[in-house]
Structures are given as structure tokens and as C-alpha cells.
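Hello,

Here is the model we spoke about, with notes on one helix and on the aromatic rings. Please look it over before reading on.

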Amino acid sequence: MALAAARRAPVTFVTHKIQDPLKRACLWFSTKDAISAEQRKSLSKKQWRKGHKRTDQQSWEDRLADAVTPLWRLAYEEQLQVKQQHQERILSRLCDQLAKEFPSQSSSSSLNSGRLSFPVLPILPSPVRDGYRNKSTFSVNRGVDGNPKTVGFYIGTGRDRNIVCISGDHLLNMPEKHKLVARCYQDFLRQSPLEPCILFHNGGHWREVTVRTNAQGHTMAIVYFHPQTLTPDEVAVHKASLVDYFTWGPGAVCQLDSLYFQESCRTRCSHQESPYQLLHGQPHIYEEVLAFKFRISAEAFFQVNQAAAEVLYSTVRDICLPNSEKSEGRVKPGGTLLDVCCGTGAIGITMSPMVDRVIGIELIEQAVEDARYNAAFNNVLNCEFLSGKAEVVLPGLMPQLGSSNGGLTVVVNPARAGLHHRVVRALRNQPAIHKLIYISCKPDGEAMRNFRELCCAPDPKQKLTGEPFSPTLAVPVDMFPHTQHCELVLLFER
């Protein structure tokens, strides 16, 4: 099965067999640039940091690039090596922790004194390496010249009182459209009689701007504003000036398809707490992934790299159901897919032809509305999306899922904070789950706690009574070229 469906270049195929004797599926990974085991030689610190010495003469632009895209000086093949080695070190630590904490498990699972005895496949590269971000948030603060109406990214910390805001025009991961909107927003701020809101208690109004784009170049801008003591009528005047600037004024060059405005008295407010106000254009933009079309709202989560998202979702799909049978050219459906932290439903919808039923759970209500719309828009009839905290929804749902026919497969894609312990408990204690796929962009963070809870010996004190899982396969996917991060797809089985 091809796991990278959207490759532009010729592909080569690398095969790996899952070592679990009960799961002898053979996964085919399509990648021209994947780094083989023989190629993954250790990079010396000198090689990693070549040309990377920081001096007092280093430009502000280079300082920002080193902070936001720390691998930008390396060739892409070297970036992949760095990430591959980093993921292998993380997984080795996981195996070491599990072997030490739960020695009774190591003799009967894939754990072996910290050594990796399950496959960590070559990292799958991003088909697009530059300008790949479809969402960027630009801050407002004092620039190098002291102008408080500077739009860009921070260098420094509030604790050290050395924050400087630098333009991101030179960053490799930023598309030109995002840079253009940021420049125009800065120009608008410098014309506005209102001050920026740098510190809430110091007053000011104009805050950051978020830019979202799709593969077709459609653009949504979201401006955040602190009302302070302004009356609604006074706020309306400045909203009108913002619309005029981006529709008839110099900002019209951005050709915005959507312009949103949110009044926010805190760092972050949800749509329910402070509704996003559509000031101009269409309420949504749309993106296509694996032949499915997805609606994107102002607040909704969507993978930041559309081309790499296709690689990620193809990988998850083929790991979940590597032995799917086909009948008369159609995939034979089977079982239930539980998608925890489902966002706008991308994973569930792209896998819907291969299962009988998809159930997604998502905290953000606007994302759930998008997921339901996306399923209907794509004529997908076997998906159900539930709104609420997973730790509240899932325990009550588990008895129903346990009785479903055809097996139960779980995909979890939580935020960096990981899964709530009640979610892990509900998954661990459901015997119908034999396969769980955990997607993490920070597996060495809180996700590591989840991994240990899934794999530890039964612990009645923690109410973890179900049989433990074992990690059996890991696949890194490079979602974020030029940065140190990637998405890790980790398969647990029992």
C-alpha cells in the first residue's frame, strides 16, 4: 500500500514486517527521500551546527530563523537524519522506562532493556519543504527600532525584558501570502490612532493576526483586539476602518476571502467565549486531502502542512487496516474506528470507506460542526461526531463500543498536553480494543506518560485493569521541515 499518496517525484518502496506473530501484515512505504537504516549515520554536533555559531554580529533575521526554524542551515536530507535519530532516542527511552518500571512485561512484549526491538521505520519526508505552513500567527510588539507597532515574531523573553519583534519575511516555512498579510497589517496599525495591546494591564487594543490559506491560495485573516474601555460603537468605528483598509485600501492587495475579528480580553478565547465576527467575505475556506474536501473555520484545527497531512493520514490508514480486503474494486468495510481528538474529522472521514462506522470526539464545538458538515459534504454516511471533553464523553460511550461487531480500532491525536488519565483508563480497560494508534508531535512530553499508562502491568490502584498494550511499530512523518519537530505515528497492540 502506498503511504505517501501525493508524491510528485518517482518513488521507491521499502517494506517492513510487523514482528508480532499475530500481525504479519506487510506495510509498503512510498518515499523517494526516506533515509534507510544504512544511511542514518550519526551526525556530529559539529555537522549539525555547521555555520550555526551565534555571535554578537549575528543579524536579527538569523536569530529569528535559528529560533523558529533551527534546522534551516542543514540540507533537507540532514534534517531528516536529525529527526530520525531524535525519534529513535525517544522511543529507546520509552522502552528503557517500561523495562525498568514493569519488568514482568518486558519478557513477553517488544520491550527489551531499552533497546528498540520493534521497527522504527524511515522518516517520511514532506512533499513540500518551503512555504508549507497554511496557518501562521503574527505577534505585535516593539521592533528593533523601538516602534511598538511591529508585526512579526518574538526574540527574547518577558522575564529578561529583552523581547524584540522581528519580521518573518525571510523564514523558509512561511508562504508569501502570509508575509504579505503581516506587512499590510503592520501598515494598518501604523496608520491607526489606537495603540497596540502589548501587555493587557498597560492598555492598548490591536493584538496579533492569524492568517490561514489553502492550496488554492484562498486566504482568511483573523485580527484579535482588546476592547479595554471602548464602547461597542467606538469599537465598530475601528472595525470599519479595518474592513476599508483590506477591501478598498492598500490591504486589498492581499485579496482576502475572509476577514474575521475577535474581541478578546484574554490571551486566548474560544468562539463560545467571544464569537469570531465575520467582517468581510466567506465564513470558511476549504482544503482537499486524499480526495475529500474539508471546511475550515476560524478556530478549527487543521494540520499545518496540507501535503504532509496526506502522507500522515495515508500512513495512519494503512497501519490501521493493512489487510483490508477488496471486492469488485471497493474496499471491504469492517469494524468501528474511534477517533479521539478528531478535530474537523479528517482522519475518520478519510478512513470511512474502510470501516463500518466512525465515531469522533472533539472538545471544540466549532470543529465538530465542521466535521459533521465535512461528512455530509463528502456524502460520508457512516461517521458520527460528538462534542465534549473526551474524559467525559468516552467512559459512557465505551460499553456501547465494546459490543460493536467487527472489532474496534482507536486513533488518538491529542494536543501536546496528551490524553487525560480518564481517557487512557477507558481505552486501556476496553478489551475490544486490540489496536491503538497514537499520533504525537511531542512524544517526549506528556505523551510519554500516556505511553507508560497504556503499557504498564495492570494496576488496580490506578484503575488500569485491562491487559497492557505493547508498542509494535513507529513511523515518523516530517510535518514541519526546517524545525526540530515531526509527527510520530506509534502503533500499540495487544
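The buried residues of α5 pack against β5 (135-141), β6 (150-155), β8 (206-213), β9 (219-225) and α6 (232-247). Contact means heavy atoms within 4.5 Å; buried means under 20% relative accessible area with a 1.4 Å probe, protein chains only. Helices (H or I, at least four residues) and strands (E, at least two) are DSSP runs numbered from the N terminus.

This is a predicted model, in which local features need pLDDT of at least 70 and side-chain atom pairs pLDDT 80 or more, while totals for chains, interfaces and linings use all residues. Residues are numbered from 1 along each chain as its sequence is written, and side-chain values use heavy atoms, without hydrogens and water.

Among the buried residues of α5 are His-178, Cys-184 and Phe-188.

Aromatic pairs number 14, counting rings of Phe, Tyr and Trp (its six-membered ring) with centres within 6.5 Å; planes under 30 degrees apart are stacked, over 60 edge-to-face, the rest tilted. The rings of Phe-138 and Phe-153 have centres 5.1 Å apart and planes at 55°, so this pair is tilted. Phe-138 is in strand β5 and Phe-153 in strand β6, 15 residues apart. Phe-138 is buried at 1% relative accessible area, and Phe-153 is buried at 13%.

Phe-188 and Trp-206 have ring centres 5.1 Å apart and planes at 80°, so the pair is edge-to-face. This pair joins helix α5 to strand β8, and both residues are buried. Ring pairs link Phe-188, Trp-206, Phe-225, Tyr-245, Phe-246 and Phe-261 into a cluster.

Regards

Terms used
Buried < 20%, exposed > 50% of the residue type's maximum accessible area, 1.4 Å probe, protein only.
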